[in-house]
Amino acid sequence: MTGKLVGVGLGPGDPDLITLKSARLIAAAKVIAYPALPGTESFARRIAAAHISDDTHEIVMEIPMTPERGPAQAAYDLGAARIAEALDLGDDVVVLCEGDPFFYGSFMYLHARLAARYEVDVVPGVTSVSAAAARAGRPLAARNDTMATIPATLDDVTIRERIYQADSIAILKVGRHLGRIRALLSALGLTQQAVYVAHATLGDEVILPLSDAPASAPYFSMILVTKGADPWLNPPS
Ligand SMILES: C[S@@+](CC[C@H](N)C(=O)[O-])C[C@H]1O[C@@H](n2cnc3c(N)ncnc32)[C@H](O)[C@@H]1O
């Protein structure tokens, strides 16, 4: 009998936003695995720390964040091979994933490598978009609104097209792209409708109108844009 691969969502950072199911699975796990940037503490592990037992075996996958895909792909190959070793011994492996595993989550790279060979369970988590909207007090979408999630890493033409098409927009992976995105939203006349959210639900959370956002943004930041409030949300007084 081989073990089961379990991807657990941890939510956006506040440990209170871990679901009961994820917490229970982490606490019971004999083996856990999680990504970390080389030489840094894993954000996912930090969120889940209170639920990890001292005798849990930990597989740390050091994933370099480089523009080329090769080094990260090689790191996921290695991580998947180490997880497969544990699964072949019959142990379940619980993979920690910030936010939701299937929403831009690194778990997807392991899922792609292992799902054909092993039983898999995925436990959803609170996404960073839900968390940012809640913390900023900005409803995301109502009635017939459409919503776009746009990585800031895309080129300007694509980002502009996607913004045109949606009523509500979440721009992720802002980081070093902040200046470019700010200029783009300004050119579209959307600065006033945009809010900047960094480290949502964490102790160093920052929420500001985009016009007041700092000059540089951390990786864990996003911009929410709501083009027009739905009249349903704003009943006439
Ligand atoms: C690789 S994606 C991971 C998304 C995650 N799986 C989720 O469900 O939200 C990383 C991006 O999510 C956003 N993000 C994740 N956590 C965040 C937080 N606590 N505050 C603001 N943005 C966050 C940032 O835009 C970051 O660049």
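Me: Before we count anything, what is a salt bridge between side chains?

Reply: A salt bridge is a side-chain nitrogen of Lys or Arg within 4 Å of a carboxyl oxygen of Asp or Glu. Keep in mind that the model you are looking at is predicted. A search of the whole structure finds eight salt bridges.

Me: Which residue forms a salt bridge with E58?

Reply: That is R45, and the closest N and O atoms of the two are 2.8 Å apart. E58 belongs to strand β3 (residues 57-62) and R45 to helix α2, so this pair ties together parts that are 13 residues apart in sequence. As for the surface, E58 is partly exposed at 23% relative accessible area, and R45 is partly exposed at 26%.

Me: How many residues apart in sequence are the parts that R135 and E205 tie together?

Reply: First find the bridge itself: R135 and E205 form a salt bridge whose closest N and O atoms are 2.8 Å apart. R135 sits in helix α5, while E205 is in the loop between β8 (194-198) and β9 (206-209), so the pair ties together parts that are 70 residues apart in sequence. R135 is partly exposed, with a relative accessible area of 46%, and E205 is partly exposed too, at 21%.

Me: Which residue does the side chain of R46 meet in a salt bridge?

Reply: Look at E41, with 3.4 Å from N to O. Here R46 is partly exposed at 44%, whereas E41 counts as exposed at 57% relative accessibility.

Me: Let's move on to helices. Why do residues three or four places apart point the same way in an α-helix?

Reply: An α-helix has 3.6 residues a turn, so residues with that spacing end up pointing the same way. Now try helix α1 (residues 20-28), where S22, A23 and I26 are buried. These residues cover an arc of only 100° around the axis, which puts them on the same side of α1. The face turned away from that buried side carries the exposed residues L20, R24 and A28.

Me: What covers the buried residues of α1?

Reply: The cover includes β1 (4-9), α2, β4 (93-97) and β5 (119-123).

Me: Is A132 buried or exposed?

Reply: Buried means under 20% relative accessible area. A132, in helix α5 (residues 128-136), has a value of 1%, so A132 is buried. Leaving aside neighbours within four places in sequence, A132 is in contact with V197, A200, M222 and L224. Sequence and space can tell separate stories: A132 and I207 are 75 residues apart in sequence and 8.6 Å apart in space, C-alpha to C-alpha.

Me: How do I read a pair of aromatic rings?

Reply: Check how far apart the ring centres lie and the angle between the planes; planes over 60 degrees apart count as edge-to-face. The count here comes to five aromatic pairs. For Y219 and F220, the ring centres are 5.0 Å apart and the planes are at 75°, so the pair is edge-to-face. Together with F43, Y219 and F220 form one aromatic cluster.

Me: Which residues form a nonpolar patch on the surface?

Reply: The patch is formed by L37, M65, Y219 and F220, with about 390 Å² of accessible area together. Y219 is partly exposed at 40%, F220 is partly exposed at 34%, and L37 is partly exposed at 38%. You will find L37 in the loop between β2 (31-36) and α2 (43-48).

How values were computed
Residues numbered from 1 in each chain as written. Predicted model: local features only at pLDDT ≥ 70, side-chain atom pairs only at ≥ 80, totals over all residues. Heavy atoms only, no water. Patch = residues over 30% accessible without salt bridge, like charges linked within 9 Å, V, L, I, M, F, W, Y side chains within 5 Å. Areas by Shrake-Rupley, 256 points an atom, 1.4 Å probe, with all protein chains shown as cover. Helix = DSSP H or I, 4+ residues; strand = E, 2+ residues; numbered from the N terminus. Buried < 20%, exposed > 50% of the residue type's maximum accessible area, 1.4 Å probe, protein only. Arc of directions from axis to C-beta. Contact = heavy atoms within 4.5 Å. Phe/Tyr/Trp six-rings, centres within 6.5 Å; stacked < 30°, edge-to-face > 60°.
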